[in-house]
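Visitor: I'd like to go through this model and ask what each label rests on. Can we start once it is on the screen?

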Amino acid sequence: MQLAQQRTTQQWQAADAAHFLHPFTDFQALAKKGSRIITRAENIYLWDSEGRKVLDAMSGLWCVNVGYGQQRLIDAATQQLRELPFYNAFFQTATPPAIALAELLSEVTPPQFQHVFFTGSGSEGNDTVVRMVRRYWDLQGQPQRKVIISRRNAYHGSTMAGASLGGMADMHAQGGLPIPDIVHIDQPYWVQHGQGMSRDEFGLVAARWLEDKILELGPERVAAFIGEPVQGAGGVIIPAATYWPEVQRICDKYGILLVSDEVICGFGRTGRWFGCETFGARPDLMTFAKGVTSGYIPLGGVMVGDRVAKTLIEQGGEFEHGYTYSGHPVACAVALANIGLIRELKLVEQVHDNTGPYLAEAFASLREHPLVGDAETCGLMGALLLVKDKAGLKPFDRTVGIGMVCRGHCFANGLIMRAVGNRMIIAPPLVMTRAQIDEMTALIRRCLDLTLADAQREGWL
Ligand code: PMP
């Protein structure tokens, strides 16, 4: 009998509450309520231990780009487990899957990237970025260039450096973060900072906050700027088209390294292989994870552009950094199969030419709903802003927790959609078809109606 069937839902929930501390969770509250136990998945659907089917509009956690149940990935893992389940890359050794993946990544990433440093996750990737950026400037004879500029409401992981780079105040409040020499500017969120300007005007204004910060700190102290092309966990904050080219111009002007955190935006999410290609930036370093294996097995890394690679290789000597699982052969074998499948199914082109524009139309139609103040998409990610009053995008009272109310209806109606404050967000698997977009949109509409009915009944409007 399969493990999932060996206990009842209640038995799983009891053992879960007794032993498993979940990430980003109020342990006591969850123990009282009981987890939903997910037991299997296929394509874009999940099933829980009660046999209920759920449309997974979050691709697991922004990662299952090729959808669930892809035999090619399963076979790649099985074969590699049999042949060589593990060997490290520390002892002047390497395994064929890690070498072949490094080579393939330099093919699918922008041309400045010919080298990769493997990690086990996105957070470890961003820790690597901090080590690498500072090492680069040391080797350049500018050790005072230590400061990395990031943005409020960014998410770059949960390790000490990852959480420091991130701009989440609640995370900084636990554990004395950020670590030294990481500073934050405001995010390019038009609803929060830009109303009264056109979006494109605001994009330039927001980018110039970077220049203001550089001048405030002194350019000679600034090592790098890091940003997600689209801020995912922050609520799918899609910048204006003017933003990234201006950020690039400013980084070039002061010689500052540009780091694109592609953990969510990489591997087709935005309709190009990498988000920096969609938004017109040319980063020096690029963090990736999630979509590289479609989440079937953990893997992350940093693409190292020629500027940094040349210095590290030619002048660096030993780089005192690495992880046991840097270049894990099974993870790399799955990534090879995954990237092969993305290419074969032409998923990036499909998102760019077909399902991305179709999702944009579907979301535009949701703008007519009385609760929706704004609806935006980029490739196969999207956000709905829930408002009390469309005029001036007037928000609901914070105590209402409108996003969580809507999320509750989604969960109860077979849809996983995430709430970030008053933004309802999606990032479905890239294999999603037009018919499935219709199915998802109908579910979203139903959940918005149920949320509106709550708002009317409770007098929140
Ligand atoms: N960067 C970004 C942009 C992310 O969205 C995430 C995870 N959601 C991370 C880094 C951290 O990745 P991980 O959880 O694999 O450590």
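Predicted model: local features only at pLDDT ≥ 70, side-chain atom pairs only at ≥ 80, totals over all residues.

Visitor: Which residues count as being around the ligand?
Guide: Those with a heavy atom within 4 Å of it. Among them are Ser-121, Asn-126, Tyr-155, His-156, Glu-228 and Lys-290.

Visitor: How do you know where domain 1 and domain 2 lie?
Guide: The bounds come from an automatic or database domain assignment. It gives 36-66 + 346-458 for domain 1 and 71-344 for domain 2. Their centres, taken over C-alpha atoms, are 27 Å apart. Contact means heavy atoms within 4.5 Å, and 32 residues from domain 1 and 35 residues from domain 2 take part.

Visitor: What is the buried area between domain 1 and domain 2?
Guide: About 2600 Å², with 61% of it on carbon and sulfur atoms. That's the accessible area (1.4 Å probe) that two parts lose on being put together, summed over both. In domain 1, Trp-62, Val-66 and Val-348 lose the most area to domain 2, together 25% of what that side buries.

Visitor: Why is the pair Arg-199 and Glu-376 called a salt bridge?
Guide: The term asks for a side-chain nitrogen of Lys or Arg within 4 Å of a carboxyl oxygen of Asp or Glu. The closest N and O atoms of Arg-199 and Glu-376 are 3.7 Å apart, so the pair passes. The count between the two domains is two salt bridges, alongside 17 residue pairs in polar contact (both at pLDDT 80 or more).

Visitor: Why do Asp-48 and Arg-36 tie separate parts together?
Guide: Their side chains meet in a salt bridge at 3.0 Å, N to O. Asp-48 lies in strand S2 (residues 45-48) and Arg-36 in the loop between helix H2 (27-33) and strand S1 (38-42), so the link spans parts that are 12 residues apart in sequence. Helices (H or I, at least four residues) and strands (E, at least two) are DSSP runs, numbered from the N terminus. The structure holds 20 salt bridges.

Visitor: What makes the backbone of Asn-153 worth a look?
Guide: Asn-153 has a positive phi of about 70° although it isn't a glycine. Most residues other than glycine have a negative phi, and most peptide bonds are trans. Asn-153 sits in the loop between strand S5 (147-151) and helix H7 (160-165). Its side chain makes a 3.0 Å polar contact with that of Gln-187 and reaches the backbone oxygen of Gly-234 at 3.0 Å.

Visitor: How do you know that the bond between Leu-177 and Pro-178 is cis?
Guide: Omega of that peptide bond is about 0°. Pro-178 is in the loop between helix H8 (169-172) and strand S6 (182-185).

Technical notes
Residues numbered from 1 in each chain as written. Heavy atoms only, no water. Polar contact = N/O pair within 3.5 Å; in protein donor to acceptor, adjacent residues only side chain to side chain.
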